[in-house]
Amino acid sequence: MKKLGIIGGLGPMATAYFLELITQMSDAITDQEHMEIYVISKPSIPDRTNYILGRSSQSPVVEMSATGAELKSLGAELLAMPCVTGHYFYQEVERNVGLPMINAVKETVDYLWDRNIKRAGILATEGTIKSGLFQCLMEEKKMKCIVPDEAEQKKLMVIIYKDLKAGKRVHLDNFKIIAKKLRQQGAEVILLACTELSLLKRDYQLGKGYLDVMEVLAAKAVDICNQLKPEYRELIT
């Protein structure tokens, strides 16, 4: 089994849930059959969205790379980062550390493509949306990417930063209105493309037609490093 290193803390609760997902997805009966994982939770890494949007001059790449290097020194052979916006820096971090890293964005787009999904709605941070992480890969496959308008995106950022990251209760009706508008524009599946939104799926009944990017990342990590339970090969609700 390959040893997995997790660049965590982006945010902390999402990292804890990612570890839980990996554990429950692993087809293991005894403790010894589970994969070996090294986790460094480093919430001090500068905010990814603020840097991407030019609101901060503090690049997160240096600390992300240092964390990856520390995981490598511990014995990690593969990296995962449960932060979708952080994948904007994916190539730099992978190159700096010298270890392969699972690309959650690419894995998600491939997952949709393999299931013949042509139109997907993206619920993510403003940094992820503005950077075009999903749009670029989906356009290469002639898939349509549907994103919230400016007003709805601002409401989503409140849910992500003011509610979920702060550990507060979410007004689910606001979230469902945003998702409904994407479906009205033709989205076949709604991507929960922020690891904080994974917590929303964990704690609330969202309904059908959602795909959690962090679940895709966790399933891929288990598939590479251990053995994935068959029931976790289909992840769209």
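This is a predicted model: local features need pLDDT of at least 70, side-chain atom pairs count only at pLDDT 80 or more; totals for chains, interfaces and linings use all residues.

Colleague: In which sense do strand E4 and strand E6 pair, and over how many bridges?

Modeller: In general, the strands of a sheet pair through backbone hydrogen bonds, in either a parallel or an antiparallel way. Here E4, residues 119-123, and E6, residues 189-192, are paired in the parallel sense over four bridges.

Colleague: In what order do the four strands form the sheet?

Modeller: The order is E5-E4-E6-E7, in an open sheet with parallel pairing. Its edge strands are E5 (144-146) and E7 (210-212), each of which pairs on one side only. On average, neighbouring strands are turned by 30 degrees against each other, direction ignored.

Colleague: Which strands does helix H9 touch as it packs on the sheet?

Modeller: H9, residues 172-184, touches E4, E5, E6 and E7. The direction of H9 makes about 155 degrees with that of E4.

Colleague: Now the side chain. Is Asn226 buried or exposed?

Modeller: The cut-off for buried is under 20% relative accessible area. Asn226 has 18%, so Asn226 counts as buried. This residue lies in the segment after helix H11 (213-225).

Colleague: Which residues does Asn226 touch, leaving out those up to four places away in sequence?

Modeller: Asn226 touches Met1, Ser26, Glu33, His34, Met35 and Ala221. With Glu33 there is a polar approach to look at: the backbone oxygen of Glu33 lies 3.0 Å from a polar atom of the Asn226 side chain.

Methods. Residues are numbered from 1 along each chain as its sequence is written. Side-chain values use heavy atoms; hydrogens and water are left out. Two strands pair if DSSP finds at least two bridges between them. Helices (H or I, at least four residues) and strands (E, at least two) are DSSP runs, numbered from the N terminus. Axes are lines fitted to C-alpha atoms, for helices over the stretch in contact, and angles run from 0 to 180 degrees between N-to-C directions. Contact means heavy atoms within 4.5 Å. Buried means under 20% relative accessible area, exposed over 50%, partly exposed in between (1.4 Å probe, protein chains only). A polar contact is a pair of N or O atoms within 3.5 Å; within protein, one must be able to donate a hydrogen and the other to accept it, and residues adjacent in sequence count only if both atoms are side-chain atoms.
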